[in-house]
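Here is a short briefing on one protein chain. Please keep the model open while reading the points below.

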Amino acid sequence: MFRDNAISIQGVDLKAIQQNTLGPREQEEVDAPVCEGMYYLFDNKFMQAKAIFQSKANVDPLYSLGLGAMAFIKAIATGTLATAYSIAKAQIKNAPYKRPFKDSVSYYLSTVLNRNTSGLPSNTAPATQSGYPGEGPTFLPNGILRAHVIKAECCLLISILQLSQESIMGYVRCGINIRRAYNSYSIVWQEYKRMGQQFTKHMDRDTVSAIQFGIGAVHLLLSSMPAKILKILSTLGFQSNRQLGFALLKLCVEGGGIRAPLASLTLLSYYSILTSFAPQIYAKDLVSSAIECLMNAQRKHPSSCFFLFFAARISRVARNLPLSNQSFTFAAESSQGEWAEVAMRQMSDYEIGFNLALQLDWEGAATYFEQLCEEGYWSPAFSKYFVGACREMLGQRTEGILAFAEVPTLVKEKQARTTYVDAHVLKKVSFFQRSGYQDMDLSLPGLEILLVWNAFVQMEPDALENCMILVERTLERIYEREKLEYSIRVKELVPDTTPPDYYDQRAVLLLTKAAILNALERYHDTIAHLNWIMDHKEYIKHETWVVPFTYWEAGVTSWGLGDLRKSRKLWQMALTCTKYDFEYRMAVRLSLALAKCDETGIRVRDEQIKGMTSHGRKRMPIKDPC
């Protein structure tokens, strides 16, 4: 096993980078080792993959991109990808061939002046004749096209890492790199379209698949972003097209080239985002597509820890938690003794711990998160808070309080900026401490975590019913506490105690109950609870995230009742809420839900039009059901 910092490119002299004069068939032969290295990467033979990629990483941008892909998987790739970008850029700069001036003008007019939904050149000029008898049209050499797509792919992967930072500066940098990526992809796309049916004579197959992978990934990436972030990226000059993204990535997978497993991983990641952020809206429609994509990937890489990991995520969405736990365990075991061993084990432990909480095995979940906290994985403060929540759910009040008391220290010990997760658990502990932990009986912190992560829909019905009993019992405690405190005010004149104020606790519990009822598809039963929260929202002072989350659950209720127009309205109202915990995660969830609402409206409208025209009726304006 080697360390993360071993994934670096040494001895790079950009001035010595030579032009690439290989033709398409020669390039495919030279790139065969990279394809082999990618196979090793997805067959858990990481050391062999690394050896191949490092063999020419300081002179060939595709080899350095292979190293960047390895580092990207562990989110440590920025430096390696930046070097690969520089090598590709130097290869383009050192090439003697330059784009004809009139082709440059044509490209500018087609990409800048002609705006379309894909952002790609749509008015591609015919292939330019060379001017000499017997010679065909001229195109950018394959070596330059190959360097452009590698440069673009480096920018794309860097932008994803920057997006994961969830900061305004990260979003701005992400937008800049997506713009750079798409500029390079557009150049290659224009040449590809100019070549027509003869593209195989002028371009190697892996460069073609790189266009499919890159443009497809960009469109899926942008289609998952909330509107607020897309405004920051408004200079891109085009709209995302999710269906185009799916189509291009599937073409890349079917091509079976170097980027085919990466395309499968991208598709599975996107399916995972849709079905975990908004399972109520997407799970039923996309589980079969995700399973099909996974099975195709596992035919070529049956033991890949990456695909086993996504098999576990899909099993969770399908509410098969025992199979999910088993797959996560296999994913961790398949990488033992290799480069990804620690990272894959920690990721799997985190997910298994979450699964155990979904099964109401709080003791098992606490064990996993205690270990993750000790190892410093992701957010130690969140792991410790989860331990405290599990202890409280088990009735171990003292152990829970001791765990909660460690959270502020863990947040302060973190050198980087405070993340949204750390900020939330810090607020929760402060809220508990205000009453000296005397009000812990009025909260269910374990279920609250599942609520925030939108996880109830992944639980078995029996477990949901047990959760319902816990919530109702806790709500009864609030009622008894209020009854006791009001009785004092009946007997004693101007008592020292303040009037009971448990609006925050009651709101969280009622929202939890509504989410459980929605997961059980008992939509009518949620209405009274959600209305109580909205009727008393001005009294909810500390748990400010409750109101936007209530709008979300209200939209889910309306969706379940078939009122798509009401769902859209409620989700749009949620978008108007700002400055609350988990705002970014909720914005992504709302963006995906509203996109589904749009698609459903278009589909219904098209079906109505088709029905009218098939019966020879006069076409009438169709009312959008959303």
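**Overall picture**

Of the 626 residues in the protein, 54% are buried. The model is predicted. The secondary structure comes to 28 helices and two strands.

**Contacts and surface**

- Take contacts between residues at least 6 apart in sequence: 70% of them join residues at least 24 apart.
- The protein has an accessible surface of about 28,100 Å². Carbon and sulfur atoms account for 54% of that surface.

**Helix H12**

- Helix H12 covers residues 242–255, which is 14 residues.
- At 1.5 Å a residue, H12 should span 20 Å, and its end C-alpha atoms are 20 Å apart, so the two values agree.
- Asn241 caps the N-terminal end of H12. A side-chain oxygen of Asn241 lies 3.3 Å from the backbone nitrogen of Gln243.
- Buried residues in H12 are Arg242, Gly245, Phe246, Leu248, Leu249 and Cys252.
- In an α-helix there are 3.6 residues a turn, so residues three or four places apart point the same way.
- Just after H12, Gly256 takes a positive phi of about 65°.

**Aromatic pairs: Tyr420 and Phe582**

- The protein has 31 aromatic pairs.
- In one of them, the ring centres of Tyr420 and Phe582 are 5.6 Å apart, with the planes at 80°. An angle over 60 degrees counts as edge-to-face, so this pair is edge-to-face.
- Tyr420 lies in helix H21 (residues 420–434), while Phe582 lies in the loop between helix H27 (564–575) and helix H28 (583–614). The pair therefore ties together parts that are 162 residues apart in sequence.
- Is Phe582 buried or exposed? Its relative accessibility is 3%, so Phe582 counts as buried.
- Tyr420 is partly exposed, at a relative accessible area of 25%.

**Aromatic pairs: Trp552 and Trp571**

- Trp552 and Trp571 form a stacked aromatic pair, 5.3 Å centre to centre with 25° between the planes.
- This pair links distant parts of the chain. Trp552 is in helix H26 (residues 546–560) and Trp571 is in helix H27, 19 residues apart.
- Trp552 is buried, with a relative accessible area of 0%.
- Trp571 is also buried, with a relative accessible area of 0%.
- What sits over the ring of Trp552? The charged end of Arg589 does, 5.2 Å from the ring centre.

**Aromatic cluster**

- Ring pairs link a cluster that includes Tyr420 and Phe582. Among its other members are Tyr350, Phe354, Phe369, Tyr377, Trp378, Phe382, Phe386 and Trp453.

Definitions and conventions:
Residues numbered from 1 in each chain as written. Heavy atoms only, no water. Helix = DSSP H or I, 4+ residues; strand = E, 2+ residues; numbered from the N terminus. Buried < 20%, exposed > 50% of the residue type's maximum accessible area, 1.4 Å probe, protein only. Contact = heavy atoms within 4.5 Å. Areas by Shrake-Rupley, 256 points an atom, 1.4 Å probe, with all protein chains shown as cover. Expected span 1.5 Å × (residues − 1). Polar contact = N/O pair within 3.5 Å; in protein donor to acceptor, adjacent residues only side chain to side chain. Phe/Tyr/Trp six-rings, centres within 6.5 Å; stacked < 30°, edge-to-face > 60°. Lys NZ or Arg CZ within 6 Å of the ring centre and 35° of its normal.
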